[in-house]
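Open the model in your viewer and switch to a cartoon view. This tour goes from selection to selection and says what to look for at each stop.

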Amino acid sequence: MRFLLGLSRAIDAVTEGVGRLVVWLVLLVALLSAGNAIMRYGFSYSSNAYLEAQWYMFSLIFLLGGAYALKHNAHVRIDLVFGRFSRRTQAWIDLVGTVLFLLPMALGVIYLAWPWAMNSLNIREMSPDVGGLPRWPIKLALLLGFALLLLQGISELIKRAAFLAGYCSAPWDEEGKGGVK
């Protein structure tokens with residue numbers, strides 16, 4: 001179990017690092033959006049590349065931020081009901097939900113998106129809009145985002161199993177680390 005908890009901490013560290021980068025993307029997309037609006041309405045200038053860059057950054061925030069949200073237990077859940085259960089029941093719900101829903105969904109998206117993204121990369125797909133950006137990087141980001149979500153799901157699964165087996169405190173305690181006993 002110590003090896004698995006070490007693996008979980010390594011996955012958490014990767015997720016944390018990616019999450020910190022994503023925070024900067026939020027600032028960049030806000031600045032780019034403001035710049036686009038100023039250029040369009042102030043100077044009657046518009047660029048498909050700037051608009052697509054804005055869309056790509058917005059997409060990256062959600063694709064790459066999903067694992068970070070999962071790690072910090074900031075994802076959508078029905079806390080009205082969930083919060084009334086004991087820690088053990090909560091851990092079981094998370095464990096079963098991860099195994100039955102999160103991991104299969106992430107694997108399914110990766111499986112289905114792989115040929116689509118690889119084809120886009122192979123043909124060096126470009127935007128059909130004049131002055132647009134390459135499309136293949138954002139399609140590869142879809143794979144990366146769901147791979148990170150899959151890894152973080154595995155980390156959360158390890159932490160819940162370790163808690164249920166008595167190896168650590170509740171994984172959703174302070175900082176989401178779950179102290180090893």
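At what angle do helix α1 and α5 pack, and how far apart are their axes? Select α1, residues 2-43, and then α5. The two helices pack at an angle of about 140°, and their axes are 9 Å apart. The crossing of α1 and α5 is left-handed. Keep in mind that this is a predicted model.

Now show the side chains of this contact. On the α1 side, pick Leu 4, Leu 5, Leu 7, Ser 8, Ile 11, Asp 12, Val 14, Thr 15 and Val 18. On the α5 side, pick Leu 148, Leu 151, Gln 152, Ser 155, Glu 156, Ile 158, Lys 159 and Ala 162. Colour them by class: the contact of α1 with α5 has 10 nonpolar, four polar and three charged residues.

**Step back: the whole chain**

Zoom out. The chain has five helices and zero strands. Read from the N terminus, its elements run α-α-α-α-α. Along its principal axes, the C-alpha trace spans about 60 × 35 × 30 Å.

**The cavity**

Rolling a probe the size of a water molecule over the atoms shows where empty space is left. How many cavities of 30 Å³ or more are there? The count comes to one. About 30 Å³ of space lies in the largest cavity.

Select its lining: Asn 36, Arg 40, Tyr 45, Ser 46, Ser 47, Tyr 50 and Leu 51. The elements giving two or more residues to this lining are α1 and α2. By class, the lining of the largest cavity divides into three nonpolar, three polar and one charged.

Clear the selection and show a surface. The largest pocket has a volume of about 320 Å³. Which elements give two or more residues to its lining? They are α2 (48-71), α4 (87-122) and α5 (136-164). Colour those three helices separately. α4 gives the most to the lining of the largest pocket, with six residues.

The largest pocket is lined by 14 residues in total. Select Leu 70, His 75, Asp 94, Thr 98 and Leu 102, which lie nearest the centre of the pocket. Across its lining, the largest pocket has six nonpolar, four polar and four charged residues.

**Then: α4 with α5**

Hide the surface. Select α4 and α5. Their axes come within 8 Å and cross at roughly 160°. α4 and α5 are therefore roughly antiparallel to each other. α4 passes α5 in a left-handed crossing. What is the make-up of the contact of α4 with α5 by class? This contact has 30 nonpolar, three polar and five charged residues.

**Last stop: Met 118**

Centre the view on Met 118, which lies in helix α4. Which residues is Met 118 in contact with, leaving aside its neighbours within four places in sequence? Show Leu 140 and Leu 143: Met 118 is in contact with both. Now draw a distance from Met 118 to Tyr 68, between C-alpha atoms. The two residues are 50 residues apart along the chain, and their C-alpha atoms are separated by 26 Å.

Conventions:
Residues numbered from 1 in each chain as written. Predicted model: local features only at pLDDT ≥ 70, side-chain atom pairs only at ≥ 80, totals over all residues. Heavy atoms only, no water. 1 Å grid on protein atoms, 1.4 Å probe; cavity = no way out; pocket = protein on both sides within 12 Å on 5 of 7 lines; lining within 4 Å. Points joined across faces, edges and corners; volume = space filled by probe spheres on them. Helix = DSSP H or I, 4+ residues; strand = E, 2+ residues; numbered from the N terminus. Nonpolar A, V, L, I, M, F, W, Y, C, P; charged D, E, K, R; others polar. Axes fitted to C-alpha atoms, helices over the stretch in contact; angles between N-to-C directions. Left-handed = near helix turned anticlockwise from the far one by under 90°. Contact = heavy atoms within 4.5 Å. Parallel < 35°, antiparallel > 145°, perpendicular 65-115°, else oblique.
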